[in-house]
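Work through the following exercises with the sequence and the model open beside you. Try each task before you read its solution.

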Amino acid sequence: SYRSYLLRTQRAEGKTALLQLQAAQEKFYLNGNTYTDEVTQPSPDGLGLPGVTETNKYEITVALDDGGQSYVASAEPAAGGGQEDDTRCGTLTISDTGVRGVVVG
């Protein structure tokens with residue numbers, strides 16, 4: 001159906017936001033030898049990125065591990081953004097090593 005197609009194509013918004021966050025994290029790491037979970041905090045303490053995607057379909061968060069030496073970033077469907085209806089794909093993730101994943105459910 002058209003709705004399924006629309007949900008599937010809107011996943012690109014979450015994927016793009018995670019790739020932008022990954023690039024910002026690498027730049028942050030080069031300057032301080034650690035990653036940050038401060039997505040919206042401006043530089044130098046954070047990444048200075050919006051906490052949501054362009055059309056508010058996904059909320060972006062970062063979970064640090066190993067004392068800031070690794071992270072997993074998540075793009076979770078935002079409440080009221082419409083993407084929470086996507087039952088075939090839930091939260092999108094990417095790690096500091098570039099491993100991508102999807103948490104369904």
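**Exercise 1. Find the aromatic cluster of this predicted model and describe the aromatic pairs.**

Y29, Y35 and Y71 form one aromatic cluster, where rings of Phe, Tyr and Trp (its six-membered ring) pair if their centres lie within 6.5 Å, and where planes under 30 degrees apart count as stacked, over 60 as edge-to-face and the rest as tilted. The model is predicted, so local features need pLDDT of at least 70 and side-chain atom pairs count only at pLDDT 80 or more, while totals for chains, interfaces and linings use all residues. Residues are numbered from 1 along each chain as its sequence is written, and side-chain values use heavy atoms, with hydrogens and water left out.

Step 1: a pair of aromatic rings is described by the distance of the centres and the angle of the planes. By the pairing rule, the count comes to 3 aromatic pairs.

Step 2: the ring centres of Y2 and Y5 lie 6.3 Å apart and their planes stand at 35 degrees, so this pair is tilted. Y2 and Y5 are 3 residues apart in helix α1, and therefore about one helical turn separates them; helices (H or I, at least four residues) and strands (E, at least two) are DSSP runs, numbered from the N terminus. Y2 is exposed, with a relative accessible area of 60%, whereas Y5, at 44%, is partly exposed; buried means under 20% relative accessible area, exposed over 50%, and partly exposed in between (1.4 Å probe, protein chains only).

Step 3: Y35 and Y71 form an edge-to-face pair, with 4.8 Å from centre to centre and 70 degrees between the planes. Because Y35 lies in the loop between α1 and β1 while Y71 belongs to strand β2 (residues 70–77), the pair ties together parts that are 36 residues apart in sequence. Y35 counts as buried at 8% relative accessibility, and Y71 is buried with a relative accessible area of 1%.

**Exercise 2. Describe the fold and extent of the whole chain.**

Step 1: the protein chain has 1 helix and 4 strands, and along the sequence these follow the pattern α-β-β-β-β.

Step 2: for 105 residues, a compact globule would have a radius of gyration near 13 Å, and the 14 Å of the protein chain agrees with this; the radius is taken over C-alpha atoms, and the globule rule is 2.2 Å times the number of residues to the power 0.38. The C-alpha trace spans about 50 × 25 × 20 Å along its principal axes.

Step 3: buried residues make up 39% of the 105 residues. Of the contacts with a separation of 6 or more, 42% come from residues 24 or more positions apart.

Technical notes:
Contact = heavy atoms within 4.5 Å.
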